[in-house]
Amino acid sequence: MSAHTSFLAHERFRWFKRSAWLCLITIVAYSAYAPVGGRNGGTWVGYGLGTIGLLLILWLSWLGVKKRGFSGGSHTIRGWTSAHVYLGLSLTIIATLHTGFEFGWNVHTLAYTLMMLVILSGGFGVFAYLRYPAKMSENLIGQSASALKKEMQDLDIRIARLTQRLPDSFAEAARMSLDQTKIGGGFMALLSGSSKKCGSAKAVALASSQAETLTDSAQQTSATEMVASLSRKAEIASRLRRDLSYKAIMDIWLWLHVPLTLGLIASLGAHVFIVFYYW
Amino acid sequence: MTEIYEIAIIGSGPAGCSAATRAAKLGVSHILLERTDHLSDTIYKYQRGKYVMATPDNLPLQSDLQFEADTRENILGWWDEGTEGSGVNVKFNSEVTAIEGEKGDFTITIANGDTYKAKHVILSIGLQGNLRQLDASSIPGADNGVTEYQLDDPKDYWDKDIIVIGAGDAAIENAVALAQNDNRVTIVNRKREFSRAKSGNISLILTAIKDELLECAYNASPVKVNEDSMVLKTPEGERVVPADRAIARLGAIAPRGFIEAAGGVFEDGADFPRVNEIYECDRPGVFIIGALAGYPLIKHCMNQGYEVVHTIIGDPVESVVRKELATKFQVIPGFNDVQSMLEQIKAAVPLFQGLTLLQLGEFMLDADIHFKKPGDAFMEKNEAGDSLFVIHEGDVEIPVTADKVFRLGQGQFFGEMGLIMGRRRTATVLAARDGSGAVGIEIPRTAALKLIASSPQAKKVMDETAILRQLQTFLSPELTRDDLSELIEAAQTKQFGRGEALIEEGDEGDALYIVRSGSATVSKKVGNSDVVIAYVPAGQFVGEMALLFHQTRSATVRATVPVDAVELDGALFRSLLDEKPKLRAIVDKVAREREEENQRTGNDVVSRKIEFLTSIGLGEATNAIVIDEDLCVRCDYCEKACAETHDGVSRLDRAAGPTYANIHVPLSCRHCEQPHCMADCPPNALQRDAGGAVYVDDTCIGCGNCARNCPYDAITMSALPAKKGGLMGWLLFGGKFGPGEAEKPKKSKENKEMSRKCDLCRDVDGGPSCVRACPTGAVIRVSPEELFSRIREGA
């Protein structure tokens with residue numbers, strides 16, 4: 001046991017066990033009941049599975065409201081997340097059995113497909129939550145992003161001061177570093193966290209090549225310091241970019257998960273309405 | 001023939017004004033003589049806009065004049081209106097030079113030669129009329145006009161070179177205020193540290209010096225004052241410091257010559273003249289009240305003015321203190337009058353021996369009195385609590401084991417472990433089941449600490465009993481005072497600073513230590529580095545190995561926070577063990593368990609984590625927030641939940657704070673065993689509840705002392721309330737702020753910046769909302785022992 005308990009292991013895997021039982025029971029019920037006309041959503045077992053599935057979906061969606069409610073009580077959001085993950089996964093079995101493996105180009109299968117997409121995106125979320133937090137810590141090595149940003153500002157001041165002691169050609173490197181060291185930006189830039197176009201990285205190369213042309217020893221010292229400062233800045237910038245990209249990956253799946261859930265609820269409404277109105 | 005007044009009141013401070021107003025209201029002929037041309041010169045000379053406190057909080061005011069904590073201007077306004085409205089007969093510009101005659105016929109002469117006649121004299125001139133000044137005979141130029149002895153308004157100076165002389169509260173407040181107004185300030189301290197001032201002011205000045213807001217000359221004194229500079233004598237030699245103005249705040253003393261001529265008698269070494277219980281000095285008919293009688297607090301002064309007028313006209317009022325006490329004492333069976341009850345309490349309780357009845361009376365105002373029926377509990381084991389209980393009547397029982405019960409009787413006290421160690425109650429205490437109930441006096445933490453600090457006798461009684469109880473609790477309840485008396489007498493309390501070693505590995509040493517407060521780590525040398533193998537919280541003993549096995553110290557014990565420890569003599573302790581095989585068995589068992597534990601936790605990762613956590617002060621925490629960064633998805637729901645439950649202001653900064661490996665300790669209150677924030681809170685607004693939470697109650701005045709005193713930056717000063725976002729507005733209508741997010745609070749006159757800190761969600765069902773809101777389980781709130789044991793088990 002570590003000092004902390006993750007949402008997956010909440011209460012000794014309580015929700016994993018409960019979900020497993022639920023799946024088992026539904027499989028047994030599905031297998032045991034063989035009605036005339038084949039297994040489908042219109043049988044009593046089918047209605048039962050559908051009802052369970054519908055209630056589960058609505059309850060699972062409620063997590064989004066619940067976790068923003070910050071209300072008192074004996075529950076923890078960790079427990080809710082744990083239940084959300086395992087019960088959500090159990091839907092793959094419950095809902096699939098509910099269909100009786102009858103698929104078509106209709107609103108019913110649309111609801112099923114949306115549900116599977118929601119679960120798939122959620123699955124990626126779990127994967128991201130397991131993988132990226134540790135990567136983020138590793139990346140920032142115990143420092144906070146704001147502390148690193150502060151260090152970058154200090155480096156900018158130092159670089160500016162150093163250019164005054166160096167030939168004009170170094171000013172170009174300083175300007176490049178100042179103007180072109182972008183952190184974040186557009187969607188792709190944010191997500192990739194790439195440092196290929198980093199102004200500071202390019203400035204390091206430029207300043208190093210300029211430094212080789214110097215002959216004055218005082219200037220050489222300053223140039224070495226400048227290259228060191230630019231390298232440090234490039235290093236920090238690349239770490240900050242990676243930090244943002246990890247955070248973006250941990251967030252982005254929600255941009256699919258939540259709208260798909262809203263779509264799912266709408267199509268479920270249509271599915272239920274049509275079933276009871278037309279059949 | 002000149003009129004003979006019933007009462008002449010000399011000095012129009014809070015005491016004099018209160019007395020004069022009472023006399024006027026009663027229609028008693030009187031005259032109030034004031035040296036200056038306005039009332040209350042001491043308060044008049046306070047820095048403009050200064051916020052004046054109304055301590056002690058629980059002392060009720062008995063005066064015709066209004067007074068409560070407020071600004072200097074408002075308070076002076078109330079007094080001007082109050083005295084004028086009640087028709088006080090005041091003569092300004094009347095400095096008294098002599099008081100002649102006797103009771104019933106005094107003649108008072110003032111500086112211009114006028115005389116007044118009165119039957120009684122109330123002397124309430126305070127001390128501030130007699131400020132200590134630089135001596136022009138030994139410091140040339142001290143009288144050249146550069147030096148002043150007060151500061152009316154720091155805004156009168158801008159962009160000037162100013163020297164402030166002194167190291168007390170007034171000097172510090174003036175120096176910092178001047179520096180904040182863009183003056184170049186040097187503060188001259190005769191000593192090498194600031195110790196005389198309130199701790200809030202000490203941290204204020206030390207921060208200002210560290211931030212180079214002003215400069216400090218330590219061990220320095222003025223030797224010469226020039227027109228635009230001052231020569232200081234410093235350990236490095238003489239130094240000339242530019243000075244457009246020097247402000248010397250050297251304190252005030254009683255004008256001894258005048259008082260003695262008026263009939264006051266100073267006992268040997270006393271700073272104040274002697275007065276009896278009705279404030280009459282050695283000369284009949286002359287009453288001395290207020291700061292001059294040794295009562296510097298405004299409320300005391302005003303109450304005394306009121307009381308003394310009644311005493312003089314032969315209609316004594318019962319003092320408000322007594323009235324309050326009478327209500328308090330109601331719960332005591334058989335109570336009839338306050339005076340005899342106070343005498344009874346003083347006689348019964350050794351802890352109160354050093355106090356006068358007046359002091360005891362005031363002390364009792366802070367206390368709560370409980371009557372418990374047989375079998376009812378005064379305190380429960382494991383409940384948080386830091387007050388001290390004294391048994392006034394009846395017996396109490398402390399069940400220590402299934403068949404062993406301690407009994408304490410009248411005059412004895414309990415609860416001192418909570419007070420000294422800052423940890424949860426170690427035992428349940430009940431009113432004896434076979435008695436007829438017990439009366440306990442509960443003394444809150446600050447009052448108890450004050451008592452120990454001010455009465456050496458109380459400290460001795462407390463220390464000895466505490467050592468005995470600790471030995472009984474942590475070794476064996478079978479031990480009696482007789483068994484241990486020799487050991488206790490030889491015991492010494494020792495203080496260790498953060499990082500200092502109680503025991504050094506490899507040393508010859510024969511002493512055993514009981515950690516009374518704070519905590520320590522046990523570490524062993526492995527190669528070149530120290531590896532932490534254990535954590536020792538308050539209440540445990542260390543050093544038993546060397547003592548039992550006659551070997552050199554096998555490990556280093558280092559204080560992780562300031563530690564208060566009791567050193568027990570090794571030889572005496574060994575002879576005690578030889579006499580008591582049972583005790584020997586207990587100590588042997590502890591030593592064996594420790595050795596096993598030490599062998600087990602040689603694990604490097606665990607050791608490093610514990611070392612990191614203790615290095616950032618977690619050893620003094622009782623409940624700290626710890627984040628597992630491998631689980632934290634940086635959603636900041638902990639912060640949002642905190643803000644949502646606390647008026648929109650989060651008391652937690654998730655991203656800030658130290659990190660080691662996957663352990664991150666964000667900035668938030670750790671609810672320290674001995675909270676630094678409590679140390680210097682003027683209205684005593686910081687409290688600890690039974691659940692252990694240290695919280696700010698609604699008496700906070702926003703002075704910021706707690707925030708400055710907190711070494712962990714866990715307290716912020718912030719205004720309230722911020723506008724909160726809602727889920728629907730954010731989700732559906734593009735509102736700027738979602739739940740738990742809010743506008744930055746703006747301070748205003750009505751919305752002052754107050755102390756905001758974590759209160760462990762003491763009012764929220766289910767506990768800390770940061771923990772409950774975390775979707776992944778990354779956030780926990782734990783005690784260090786719990787955390788360390790989980791880390792060990794996890795490895």
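## The interface between the two chains

In this predicted model, 28 residues of chain A are in contact with 37 residues of chain B. Together the two chains bury about 2700 Å², with 63% of that area on carbon and sulfur atoms.

On the side of chain A that touches chain B, the helices α4 (77-99), α5 (107-140) and α10 (217-278) of chain A each supply at least two residues, and the largest share, five residues, comes from α5(A). Sorted by class, this side of chain A has eleven nonpolar, 13 polar and four charged residues.

## Domains

Chain A is assigned domain 1 (7-133 + 252-278) and domain 2 (145-248), and the centres of these two domains of chain A, taken over C-alpha atoms, are separated by 49 Å. Chain B is divided into domain 1 (4-129 + 254-312), domain 2 (147-248), domain 3 (324-474), domain 4 (493-602) and domain 5 (615-794); the C-alpha centres of domain 2 of chain B and domain 3 of chain B lie 46 Å apart.

## Salt bridges

Over all chains, the structure holds 46 salt bridges. One of them joins the side chains of B:Arg22 and B:Asp64 at 2.9 Å, N to O. Because B:Arg22 lies in helix α1 (residues 14-26) of chain B and B:Asp64 in the loop between β3 (51-52) and β4 (70-71), this pair ties together parts that are 42 residues apart in sequence. B:Arg22 counts as buried at 11% relative accessibility, while B:Asp64, at 27%, counts as partly exposed.

Another salt bridge links B:Asp463 and B:Lys459 (3.1 Å, N to O), which are four residues apart in helix α13 (residues 456-474) of chain B and therefore separated by about one helical turn. Here B:Asp463 is buried at 14% relative accessibility, and B:Lys459 is partly exposed at 35%. Elsewhere, salt bridges that share partners join B:Asp395, B:Glu397, B:Arg407, B:Arg433 and B:Asp434 into one network; within it, B:Arg407 and B:Asp434 meet at 3.0 Å, N to O.

## The surroundings of B:Met417

B:Met417 is found in helix α11 (residues 416-421) of chain B and, at 8% relative accessibility, counts as buried. Leaving aside neighbours within four places in sequence, B:Met417 is in contact with B:Gly422, B:Thr426, B:Arg469, B:Gln470 and B:Thr473. The C-alpha atoms of B:Met417 and B:Leu576, which are 159 residues apart along the chain, are separated by 24 Å.

Terms used: Residues numbered from 1 in each chain as written. Chains lettered and ligands numbered in written order. Predicted model: local features only at pLDDT ≥ 70, side-chain atom pairs only at ≥ 80, totals over all residues. Heavy atoms only, no water. Domains from an automatic or database assignment. Contact = heavy atoms within 4.5 Å. Buried area = accessible area lost by both parts, 1.4 Å probe. Nonpolar A, V, L, I, M, F, W, Y, C, P; charged D, E, K, R; others polar. Buried < 20%, exposed > 50% of the residue type's maximum accessible area, 1.4 Å probe, protein only. Salt bridge = Lys/Arg side-chain N within 4 Å of Asp/Glu carboxyl O.
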